Amino acid sequence: MKLHLRPCTITDLEVLVNLGRRTFIEAFEKDNKPEDFRTYLDSAFGEETLCKELQDINSAYYFIYMDSSLVGYIKLNENEAQSDIKDINSIELERIYVLAEFQGRGIGEWILRQVISIAKVKDRSYVWLGVWEHNPKAIKFYQRLGFYKFGSHPYFIGSDEQTDWLMRLDI
């Protein structure tokens, strides 16, 4: 199994929209109210939103490939593109998604090692992320890799206000 990252460009928009929607549905549809979920999905994973994000110099999307198969993606934010902290010494891992059929193969851990490498090259002192407080599997995964909770913030799925834990890994 050979894994690699490939930066996304505007020419990847349609694939990114489809992958983003699919992975988010797999992860969270069952835990949310249908109307709120659809509202969020249409907004966060709409072509217009993702097009703007792909053109933002402070955000970067990467596709994750296993051999030649697209298995997931990540989104990194720096500076003003960060959703909360906006610390120039950090990188936010806003999105990390692996397709359900490829989970449990160590891909998530490999991705986090790549994110840490990117942060080191950019001379950042930590990586942070938000994770839904009701996602114990993800929380346990991040804690196992050295992340710790340092706060929380509201996260809206449509009109439903949820809480994300803010987790940090010092590097």
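# Loops, strands and helix packing in a predicted model

Lys86 is partly exposed, with a relative accessible area of 35%. The model in which this residue is placed is a predicted one. Lys86 belongs to the loop that runs between strand 3 and strand 4 (90-98). Its backbone deserves attention, for the phi angle of Lys86 is near 55°, a positive value in a residue other than glycine.

Asp67 sits in the loop between strand 2 (59-66) and strand 3. The phi angle of Asp67 is likewise near 55°, again a positive value in a residue that is not glycine. With a relative accessible area of 45%, Asp67 counts as partly exposed, because this class covers values between 20% and 50%.

When residues up to four places away in sequence are not counted, Ser69 touches Ile64 and Phe102. Ser69 and Leu3 are 66 residues apart in sequence, and their C-alpha atoms are 9.4 Å apart in space.

The helices may be considered next. Two packed helices are described by the angle between their axes and the distance between the axes. Helix 1 and helix 3 (residues 47-55) have axes that come within 10 Å and cross at roughly 115°. The crossing of helix 1 past helix 3 is right-handed. Helix 1 contributes Leu13, Leu16 and Val17 to the contact, while helix 3 contributes Glu47, Leu50, Cys51 and Leu54. Sorted by class, the residues of this contact comprise six nonpolar, no polar and one charged.

Helix 4 (residues 107-121) and helix 5 (residues 136-144) form another packed pair, at an angle of about 50° and with their axes 11 Å apart. Helix 4 is therefore oblique to helix 5. The crossing of these two helices, helix 4 and helix 5, is right-handed. On the side of helix 4 the contact involves Gly108, Glu109 and Leu112, which meet Phe141, Tyr142 and Arg144 in helix 5. The residues of the contact between helix 4 and helix 5 divide into three nonpolar, one polar and two charged.

Apart from neighbours within four places in sequence, Thr23 is in contact with Tyr73, Tyr97, Val98 and Leu99.

Aromatic rings complete the picture. A pair of such rings is described by the distance of the centres and the angle of the planes. The structure holds 13 aromatic pairs. In one of them, the rings of Phe24 and Tyr40 have centres 5.1 Å apart and planes at 35°, so the pair is tilted. Phe24 lies in helix 1 (residues 13-28) and Tyr40 in helix 2 (residues 34-44), and the pair therefore ties together parts that are 16 residues apart in sequence. Both Phe24 and Tyr40 are buried. Ring pairs also link Phe24 and Tyr40 into a cluster with Phe28, Phe37, Phe45, Tyr61, Tyr73, Tyr97, Trp132 and Tyr155. Tyr73 and Tyr97, which take part in this cluster, are among the residues in contact with Thr23.

Technical notes: Residues numbered from 1 in each chain as written. Predicted model: local features only at pLDDT ≥ 70, side-chain atom pairs only at ≥ 80, totals over all residues. Heavy atoms only, no water. Axes fitted to C-alpha atoms, helices over the stretch in contact; angles between N-to-C directions. Helix = DSSP H or I, 4+ residues; strand = E, 2+ residues; numbered from the N terminus. Parallel < 35°, antiparallel > 145°, perpendicular 65-115°, else oblique. Left-handed = near helix turned anticlockwise from the far one by under 90°. Contact = heavy atoms within 4.5 Å. Nonpolar A, V, L, I, M, F, W, Y, C, P; charged D, E, K, R; others polar. Phe/Tyr/Trp six-rings, centres within 6.5 Å; stacked < 30°, edge-to-face > 60°. Buried < 20%, exposed > 50% of the residue type's maximum accessible area, 1.4 Å probe, protein only.
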